[in-house]
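Keep the structure open and follow along.

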Amino acid sequence: MADKVYDVIVVGAGNAALSAAMAAKEISESVLVIEKAPEYFRGGNTYFTGGIIRFAFDGIEDIKKIIPDMSATEENSIEVGKYTQDEYYDDMMRVTHGLSDPELAQILVRESLPAMEWLQKNGVRFVLSFGRQAFKDGDKYRFWGGLVVEAVGAGKGLSDQQFDVCKRQGVDVLYSTQGVNLLQDEKGRVSGLRVLGPDGFEDIHSRSVVLAAGGFEANAEMRCRYLGPGWEMVKVRGVPYNTGDGIKMALDVGAQAHGHYSSCHAVAWDMNAPAFGDRVITELFQKHSYPFGIITNINGERFLDEGYDFRNYTYVTYGRELLTQPQGLAFQIFDEKVKHLLRDEYWIPQATMVQADTLEELASRLDIDVEGLVKTVEEYNAAVRTDIDYNPTVKDGRRTEGLALDKTNWAQTLDTPPYYGWAVTTGISFTFGGVKINPRGQVVTNAQDPIPGLYAAGEMVGGLFYYNYPGGSGLSAGMVFGRLSGTSAAQYAEALKD
Ligand SMILES: Cc1cc2nc3c(=O)[nH]c(=O)nc-3n(C[C@H](O)[C@H](O)[C@H](O)COP(=O)(O)OP(=O)(O)OC[C@H]3O[C@@H](n4cnc5c(N)ncnc54)[C@H](O)[C@@H]3O)c2cc1C
């Protein structure tokens, strides 16, 4: 290894990194992936995802490009609608308060379908996301929220399939090896990486480096420093390895810090989930069906509009909001009427769940203030506009009226036992702050000058997500900018050989 000069070194082995490695290997001969985790823990946060990817499409014909083996029977049983590039772009801007970097957002939107087709052609298989993104409406499954497709085998499947492609292509992978700092030549070009592996420190030389080492969500000190007090105590939904190393390595060579450092992606997560992600349960500690019930704190008080929008557009901000409540705890409460609408994750045996025939019993067993919860539910029930039709597949406008905090869609009275309650807290998924890249995936300085030989992708790129993100855009950004950065890094490496 000491004398070898790789064309491209990719740091990390999640979706962004492996997309970069696959793209680089299409152009360059020698591509090396450096992964901090041991092989049995490979895949980064990508492994923990539901594998749902957001991309723009113009109708069923585009979906069939991603799932070419879809049967006629299946095609006739679904209504996917369309999710245009304009809609994707509008969603990006809407949920980020118009702050998403327009240039990067346009690339994300424009390249999302081509990147899906590229993954598919390379052998990554996808299926329709019936379980999470479709409702039966008459004899059709109707998809909603712009999300239609997930990787076969979810995040684990996506990760395994990408490793298979890399292996087939001849990409080298070093596990249990941590990137420590970037090497630069006398001209300031990035010329490799200092790593710490099972045999100690080593310098590995290369013509270019793509950093795709995730955010800083697993670093309690950085969470507290950037996200604020209290964040050091939240649960981490994914790997313990994403400790901001890639961001720090880039900043050390002059990269521009970019994006919403004080915000992150977080969700309602089971109160008794472990400190870091569980490889078996993966994302199933999440609780995303709250639009069909109410959420209270330990005093039995509601504190947000559960029906403000489809959960894809609220679950991130609401996940963070839980941390503002006493003890950082909240409770999602439903009755028998909506039980069939709750996602599968609610029924895993590890969930902190109580079923009871009365609200009093439910409150007391979950340690919620009994009087507080009963009062809240009585007032809420009295305020539901039962004259408006209930329809979970659209924003139905069936709301409460007259409460200090109304629920503005999907309001149903809570009056049909048994009642169900789940205890949740904040689980962090990934951070929004990172480094700035240009449209070629090059990491740039404050003066917007590219740092020669340095590229970045994935969670550690800042500037795309502010306050919130449209569900499924994390994987989308990883594959689009991973592919872009890998391609650019390899082109740069080839040009150096001339
Ligand atoms: C539970 C959960 C569910 C999610 N569900 C979805 C979903 O359904 N759809 C969606 O779009 N997004 C989802 N997300 C977000 C999604 O995981 C991320 O946006 C995406 O996986 C990030 O990809 P990445 O390649 O940038 O990072 P990762 O997949 O986390 O990969 C980063 C890699 O870098 C490695 N690394 C870190 N430091 C070093 C170092 N110093 N040297 C070498 N390697 C290093 C890590 O070990 C890791 O393997 C979810 C996140 C979580 C946690």
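This is a predicted model: local features need pLDDT of at least 70, side-chain atom pairs count only at pLDDT 80 or more; totals for chains, interfaces and linings use all residues.

How many of the eleven residues of α1 are buried? The count is eleven of eleven, so α1 is largely enclosed by the rest of the structure. The buried list takes in N15 and K25 as well as residues such as L18 and M22. If you want to see what does the covering, look for β1 (5–11), β2 (31–34), α5, α7 (154–169), β11 (200–211) and α13, which are among the elements over the buried residues of α1.

Now go to helix α9, residues 245–252, where D245, G246, I247, M249 and A250 are buried. These buried residues pack against β1, β9, β10 (190–197), β11, β19 (434–435) and β21 (450–456). Just after α9, G254 takes a positive phi of about 100°.

## Around the ligand

The ligand is surrounded by 38 residues, and the closest are E35, N45, T46, N242 and L475. By class, this shell has twelve nonpolar, 20 polar and six charged residues.

Which atoms of the ligand pair up with N242, D245 and G179? For N242, a polar side-chain atom lies 2.8 Å from an oxygen atom of the ligand. For D245, a polar side-chain atom lies 2.8 Å from a nitrogen atom of the ligand. G179 uses its backbone instead: one of its polar backbone atoms is 2.9 Å from a nitrogen atom of the ligand. The protein covers 97% of the 1,000 Å² of accessible area that the ligand has on its own.

As for where the shell comes from, the elements that give two or more residues to it are α1 (15–25), β9 (178–184), β18 (419–431) and α13 (473–497). The largest share, three residues, comes from α13.

Some background first: most residues other than glycine have a negative phi, and most peptide bonds are trans. H97 has a positive phi of about 60° although it is not a glycine. You'll find H97 in the loop between α4 (85–95) and α5, and it is exposed, with a relative accessible area of 55%.

Q327 is another non-glycine residue with a positive phi of about 60°. It lies in the loop between α10 (311–321) and β16. Is Q327 buried or exposed? Its relative accessibility is 66%, so it counts as exposed, the cut-off being over 50%.

There is also a cis peptide bond, from P417 to P418, with omega near 0°. P418 is found in the loop between α12 (370–383) and β18, and β18 is one of the elements that give residues to the ligand shell.

T296 sits in strand β15, residues 294–296. At 0% relative accessibility, T296 counts as buried. What does it touch, not counting residues up to four places away in sequence? The contacts are E301, R302, F303, A330, F331, I333, I368 and L373.

I348 has its place in the loop between β16 (330–335) and β17 (353–356). For a sense of spacing, the C-alpha atoms of I348 and N381 are separated by 29 Å, and the two residues are 33 residues apart along the chain.

Definitions and conventions. Residues are numbered from 1 along each chain as its sequence is written. Side-chain values use heavy atoms; hydrogens and water are left out. A residue is near a molecule or strand if one of its heavy atoms lies within 4 Å of it. A polar contact is a pair of N or O atoms within 3.5 Å; within protein, one must be able to donate a hydrogen and the other to accept it, and residues adjacent in sequence count only if both atoms are side-chain atoms. Accessible areas come from the Shrake-Rupley method with a 1.4 Å probe; for residues, only the protein chains shown count as cover. Helices (H or I, at least four residues) and strands (E, at least two) are DSSP runs, numbered from the N terminus. Ala, Val, Leu, Ile, Met, Phe, Trp, Tyr, Cys and Pro count as nonpolar, Asp, Glu, Lys and Arg as charged, and the others, Gly among them, as polar. Buried means under 20% relative accessible area, exposed over 50%, partly exposed in between (1.4 Å probe, protein chains only). Contact means heavy atoms within 4.5 Å.
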